Amino acid sequence: MIFSWQDAKEARQAVGLTRDISLTGAFVFTASPPPLEVNVHLKAFLPPVLGAIQTLRIYGQGLVIRVEPV
């Protein structure tokens with residue numbers, strides 16, 4: 001998963017792995033978490049399913065509501 005956000009100085013981008021994703025949110029493991037209450041844009045790439053050839057791409061946006069320490 002690739003996600004991006006805007007901080008006070010510049011646009012930021014980071015990469016992470018998700019343990020789950022749904023219509024109401026996603027839990028992302030990353031070394032570079034965005035701050036709480038910031039809007040993020042997400043790009044998730046899921047492996048092909050049911051014999052499909054292409055990777056499934058999901059695009060969305062959301063609000064960071066929780067950041068857990070490592």
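This is a predicted model: local features need pLDDT of at least 70, side-chain atom pairs count only at pLDDT 80 or more; totals for chains, interfaces and linings use all residues.
Residues are numbered from 1 along each chain as its sequence is written, and side-chain values use heavy atoms, with hydrogens and water left out.

**Overall layout**

- The chain holds 0 helices and 6 strands, and from the N terminus on its elements run β-β-β-β-β-β; helices (H or I, at least four residues) and strands (E, at least two) are DSSP runs numbered from the N terminus.
- Taken along the principal axes, the C-alpha atoms of the chain fill a box of roughly 45 × 25 × 20 Å.
- Of the 70 residues in the chain, 16% are buried.

**The sheet and its pairings**

- Four strands make an open sheet with the order E2-E1-E5-E6 and antiparallel pairing, two strands being counted as paired if DSSP finds at least two bridges between them.
- Strand E2 (11–15) and E6 are the edge strands, each of which pairs on one side only.
- From one strand to the next, the twist averages 15°, with axes given by lines fitted to C-alpha atoms (for helices over the stretch in contact) and angles running from 0 to 180 degrees between N-to-C directions.
- E1 and E2 run antiparallel and are joined by 5 bridges, and a hairpin connects E1 to E2 through 4 residues.

**The largest pocket**

- The largest pocket has a volume of about 960 Å³, a volume being the space filled by probe spheres set on grid points that are joined across faces, edges and corners.
- On a 1 Å grid over the protein atoms alone, a pocket is an open set of points with protein on both sides within 12 Å along at least five of seven lines, in contrast to a cavity, where a 1.4 Å probe fits but cannot get out; lining residues have an atom within 4 Å of a point.
- The lining consists of 32 residues, of which Ala26, Phe27, Val28, Val64 and Arg66 are the closest to the centre of the pocket.
- Two or more lining residues come from each of strand E3 (17–22), strand E4 (25–29), strand E5 (39–46) and strand E6 (56–63), and the largest share, 6 residues, comes from E6.
- By class, the lining divides into 21 nonpolar, 7 polar and 4 charged residues, where Ala, Val, Leu, Ile, Met, Phe, Trp, Tyr, Cys and Pro count as nonpolar, Asp, Glu, Lys and Arg as charged, and the others, Gly among them, as polar.

**Salt bridges**

- The structure holds 4 salt bridges, each defined as a side-chain nitrogen of Lys or Arg within 4 Å of a carboxyl oxygen of Asp or Glu.
- Glutamate 10 and arginine 12 form one with their closest N and O atoms 3.5 Å apart; glutamate 10 is partly exposed at 40% relative accessibility, and arginine 12 is partly exposed at 36%.
- Asp7, Glu10 and Arg12 are linked in a network of salt bridges.
- Arginine 19 forms a salt bridge with aspartate 20, the closest N and O atoms lying 3.6 Å apart; arginine 19 counts as exposed because its relative accessible area is 53%, whereas aspartate 20, at 40%, is partly exposed.
- Arginine 66 and glutamate 68 meet through their side chains at 3.2 Å, N to O, with arginine 66 exposed at 53% relative accessibility and glutamate 68 partly exposed at 47%.

**A contact across the chain**

- Glutamate 37 lies in the loop between E4 and E5 and counts as exposed because its relative accessibility is 68%.
- The C-alpha atoms of glutamate 37 and leucine 63 are separated by 5.8 Å, although the two residues are 26 residues apart along the chain.

Key
Buried means under 20% relative accessible area, exposed over 50%, partly exposed in between (1.4 Å probe, protein chains only).
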